[in-house]
Amino acid sequence: MKIAINCIFCQPKGGGIKEYIVNLTNHIALCDQDNTYILYVLEDQLEFAKKLLPQRFQIKVVPFKSDFLSVVKRSLFSQRFWTKEEKTERFDIFHSPFFHAPKMKKAKLILTVHDLRLYRYPQTYNPLRYMFLKRAVKDAISRADHIISISEFTKQEMVELCGVSPEKITVIYEAVNRNAFSEKQLENYVLPKEYTELGQGRILFSLGHIEPRKNYPRLIEAFKKLKEKEENQDLKLVIAGKKYVDYINTIRLMEETPDVVYLDFIPRELLLWLYKNATLFVFPSTYEGFGFPPLEAASMGTISAVSNVSSIPEVCGDCAFYFNPYDVDNMAATIEDALNNAEERQKKEKLLETQLNKTSWEQNAADTIKLYQTI
């Protein structure tokens, strides 16, 4: 069987989809010796992709680049390329790890859906992109022979919002790359001088793009309540994440609030250091298709206080403290309990490995290959 996987998001700014592509393809390469794979990448990202994708798979170039103008061209004119490619390569399955899916004449189309933020948070897209995606997503989901959902939550979102039959969706969980999020990665790391203040006092750490669904304003208000108490004067709230959309007021609030540190984009070693050295990781997001950061923190040995909505309870299980992300008082009280309740902290810490071991990229790859064979 010949399987094509669309890897055009294997690029520096590919975000979570890039991580999915890299982990999935490399683990498929380790356990599938029977099928033939073709991985498609953008022409200006070929050298970058070769360093991350499995070398034993064939890698072919899609004749478009990653700049904005090429993205528009690709959206409008790529169908001609895929029609020709299907005829030339005669692949049996085309797997798109994201919403964009070309029309296939004979090959079975499998789509991976990470979330339906498009429907829940349309304001996080510019109007032109939103109008395009609204049509393209609905079309791709309806044409797919089968859909992979990364969580039960996202599966139910598709059933509710898109009218997809549950039988058409298979849940295959993503996982944390334990080698990448490991204390071993910090063996020779020295905290740079410009971040020396981070090593003083207790850290509440939060990670994610600066956008409405990440819910940072309520987190900052909860932090202010914590700081009203004498015993919490050593606390710092460190927020790391790129400015994404509707971020101006949030950035202003950070700047106006004492002991809130905003770091924007940070090097990977500093990210790992923060995960490891934070007293508590806090994840106040109101919407996540999966939500990796609490598991990444867990892989570094740090417990979390998280929202009790969307996919987050499904992902974190019993190893986290939960709060209502819309209730600042409840958020503050939960964070304080997570900081000071030694008995509960110890219970949660013992459950970190148990929760992490519930998912793995080895299992993800095995389940995906099984789905290829079934389809």
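Valine 71 has a relative accessibility of 25%, so it counts as partly exposed. Buried means under 20% relative accessible area, exposed means over 50%, and partly exposed lies in between (1.4 Å probe, protein chains only). The model is predicted: local features need pLDDT of at least 70, side-chain atom pairs count only at pLDDT 80 or more, and totals for chains, interfaces and linings use all residues. Residues are numbered from 1 along each chain as its sequence is written, and side-chain values use heavy atoms, with hydrogens and water left out.

### The chain as a whole

The chain has 14 helices and 13 strands. Helices (H or I, at least four residues) and strands (E, at least two) are DSSP runs, numbered from the N terminus. How does the radius of gyration of the chain agree with that of a compact globule? A compact globule of 375 residues would have a value near 21 Å; the chain has 22 Å, so the two agree. This radius is taken over C-alpha atoms, and the globule rule is 2.2 Å times the number of residues to the power 0.38.

The C-alpha atoms fill a box of roughly 70 × 40 × 40 Å along the principal axes. Of the 375 residues, 55% count as buried. The accessible surface comes to about 17,900 Å². Carbon and sulfur atoms hold 50% of that surface. Such areas come from the Shrake-Rupley method with a 1.4 Å probe; for residues, only the protein chains shown count as cover.

Now look at contacts (heavy atoms within 4.5 Å). Take those with a separation of 6 or more in the chain: 64% of them join residues 24 or more positions apart.

An open sheet has seven strands in the order 3-2-1-4-5-6-7, with parallel pairing. Neighbouring strands are turned by 25° against each other on average, direction ignored. Two strands pair if DSSP finds at least two bridges between them. Strand 6 (residues 146-149) runs parallel to strand 7, and three bridges join them. Here isoleucine 148 stands opposite threonine 170 of strand 7.

Strand 12 (residues 304-307) pairs with strand 13 in the parallel sense over four bridges. Alanine 305 faces phenylalanine 321 in strand 13.

### The cores

In soluble globular proteins, nonpolar side chains tend to be buried together. A nonpolar core is a set of buried Ala, Val, Leu, Ile, Met, Phe, Trp, Tyr and Cys residues joined through side-chain atoms within 4.5 Å. The largest one here has 65 residues. Leu198, Leu204, Phe205, Leu263, Leu274 and Ile335 have the most contacts inside it. Leucine 204 touches, among others, Phe223, Leu226, Leu237, Val282 and Leu339, leaving out residues up to four places away in sequence. A second, separate core has 62 residues, including Cys10, Leu24, Ala101 and Ile369.

### Four single residues

| Residue | Relative accessibility | Class |
|---|---|---|
| Valine 71 | 25% | partly exposed |
| Asparagine 215 | 3% | buried |
| Aspartate 246 | 53% | exposed |
| Arginine 252 | 40% | partly exposed |

Valine 71 sits in helix 3 (residues 68-89). Beyond its neighbours within four places in sequence, valine 71 contacts Lys65 and Ser66. Glutamate 343 lies 272 residues away from valine 71 along the chain, and their C-alpha atoms are separated by 52 Å.

Arginine 252 belongs to helix 8 (residues 248-256). Its C-alpha atom is 45 Å from that of leucine 109, 143 residues apart along the chain.

The other two residues lie in loops. Asparagine 215 is in the loop between strand 8 and helix 7. Its phi is near 65°, a positive value in a residue other than glycine. Aspartate 246 lies in the loop between strand 9 and helix 8. Aspartate 246 is not a glycine either, yet has a positive phi of about 50°.

Notes: Axes fitted to C-alpha atoms, helices over the stretch in contact; angles between N-to-C directions.
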